[in-house]
Amino acid sequence: MFTAAGGGRALDLFTGTTRVAQELKARGGHVTAVDRARYATVFAQSAIATDADVLDLAALDDELAALDAIPGHPGYATETFCRASRYFRPENGERIDAIRDAIEPRRGHAHFPVLLTSLIEAADRVDSTTGVQMAYLKQWAPRAHQRLTLRRPALLAGPGTAIRGDALDLLAELGSFDFAYLDPPYNQHRYEANYHVWETLVAWDAPAHYGVACKRAELAERERTSVFNRRRAMPGALRACVDGIDAAVMVVSYNDESWLALDELTEMCRARGAVEVLAYDSKRYVGAQIGIHNPDGERVGTVSRLRNTEYLVVSGEPALVGAAVAAASGLADSAVSGRCDSGRT
Ligand SMILES: C[S@@+](CC[C@H](N)C(=O)[O-])C[C@H]1O[C@@H](n2cnc3c(N)ncnc32)[C@H](O)[C@@H]1O
């Protein structure tokens, strides 16, 4: 049973970093985390599907320490992400190659997603980007000079489920939930492309690559683009999710840069019962803060605005929706509308 305090069966359908899924698990929920990206699935296998209580944490820490100590050797990561492009300093690239090679034989073992998450997080701390991997900095970022160091990633007690797949393909088999959180992409920005280096560290398949950013060749195949990154198809896909997920309470995350109008979204949710909208003023994505850059990393422009409004559209059984909104009040800047009629926002 969903309560404002947590618990019950929870779904995070576009889990990404697993931030929300982790919070739901920490509050006692049995969480199912879904994403189509490889790296997000590995994060979910580590933070959500791994039960920290059944892992031998001392053995895990020993394994991390041993991996951290192995000397670097150049391989695909060094060649592609340090020489053909400049995401990491070569000395860190060589360590990524050596550590990733040493993790590969652990595929299938309970430690595998945890070790891989640790490596990705370590690489993230010493990268030379502005956050996304569509480009890298012309001058090395100061943190890129630091030694790549493995740490144990966040682990939580209790069971959970991680599923890699397309949300639309999975709708029929996910089951029923007390609480569902949906945070899909709402525009053309593709997550697998923004984090293509992590995709490759997970697949470890030495893919052909293209462009200055050295993106995986498969990312050039338009037909592989998520339906949520296609302007015409996205509203119908989101409606299919809203209609198709069996959850007592659903929260859909939305922002004012979406292809979809807020009214359209609230209308989609109306059949689920009560609908409430919470609004939050928020800093825009990291690229907007940094400005527009040419391929040499020179700033060539600024973006039109640095803040946007994030919305949470809460729908479902009226008493539960009321409880969820009450729990969130104080966090939101406003409860935008009790009924979400057009024009009331
Ligand atoms: C806005 S992000 C989610 C961010 C997440 N809430 C977090 O806290 O990190 C959207 C996510 O949806 C995933 N995604 C895109 N299309 C998808 C699809 N068709 N099925 C499942 N996941 C998809 C992306 O890989 C990305 O991780």
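Analyst: Start with the axes: they are lines fitted to C-alpha atoms, for helices over the stretch in contact, and angles run from 0 to 180 degrees between N-to-C directions. Helices (H or I, at least four residues) and strands (E, at least two) are DSSP runs, numbered from the N terminus. This is a predicted model: local features need pLDDT of at least 70, side-chain atom pairs count only at pLDDT 80 or more, and totals for chains, interfaces and linings use all residues. Residues are numbered from 1 along each chain as its sequence is written, and side-chain values use heavy atoms, with hydrogens and water left out.

User: How many helices and strands does the protein chain have?

Analyst: The protein chain has 13 helices and 12 strands. Buried means under 20% relative accessible area, exposed over 50%, partly exposed in between (1.4 Å probe, protein chains only). Of the 345 residues in the protein chain, 51% are buried. Contact means heavy atoms within 4.5 Å. Among contacts with a separation of 6 or more, 73% join residues 24 or more positions apart.

User: How do I describe two packed helices?

Analyst: Take helix 4 (residues 76-83) and helix 5 (residues 90-103): their axes come within 8 Å and cross at roughly 150°. Angles under 35 degrees count as roughly parallel, over 145 as roughly antiparallel, 65 to 115 as roughly perpendicular and the rest as oblique. Helix 4 and helix 5 are therefore roughly antiparallel to each other.

User: What is the handedness of the crossing of helix 4 and helix 5, and which residues meet there?

Analyst: A crossing is left-handed if the near helix is turned anticlockwise from the far one by less than a right angle, and right-handed if clockwise. Helix 4 passes helix 5 in a right-handed crossing. On the helix 4 side, Y76, A77, T78, C82 and R83 take part; they meet P90, G93, E94, I96 and D97 of helix 5. That contact divides into 5 nonpolar, 2 polar and 3 charged residues. Here Ala, Val, Leu, Ile, Met, Phe, Trp, Tyr, Cys and Pro count as nonpolar, Asp, Glu, Lys and Arg as charged, and the others, Gly among them, as polar.

User: At what angle do helix 3 and helix 6 cross?

Analyst: The axes of helix 3 (residues 57-69) and helix 6 (residues 112-125) cross at roughly 45° and come within 11 Å. That makes helix 3 oblique to helix 6. Their crossing is right-handed. L60, E63, L64 and L67 of helix 3 meet V114, L115 and S118 of helix 6. By class, this contact has 5 nonpolar, 1 polar and 1 charged residues.

User: Is E63 buried or exposed?

Analyst: E63 lies in helix 3. At 16% relative accessibility, E63 counts as buried. Leaving out residues up to four places away in sequence, E63 touches R106, H111 and L115.

User: Which residues of helix 2 are buried?

Analyst: Helix 2 (residues 38-47) is mostly covered, with 9 of its 10 residues buried. They are R38, Y39, A40, T41, V42, F43, A44, S46 and A47.

User: Now strands. What does strand 4 pair with?

Analyst: Two strands pair if DSSP finds at least two bridges between them. Strand 1 (residues 9-12) pairs with strand 4 in the parallel sense over 3 bridges. A10 has F179 in strand 4 as its bridge partner. Strand 4 and strand 7 also run parallel, joined by 6 bridges. For S176, the bridge partner in strand 7 is D246. Strand 4 (residues 176-182) has 6 of its 7 residues buried, so it is largely enclosed by the rest of the structure.

User: Where is V249?

Analyst: V249 sits in strand 7 (residues 246-255). V249 is buried, with a relative accessible area of 0%. V249 and V314 are 65 residues apart along the chain, and their C-alpha atoms are separated by 7.1 Å.
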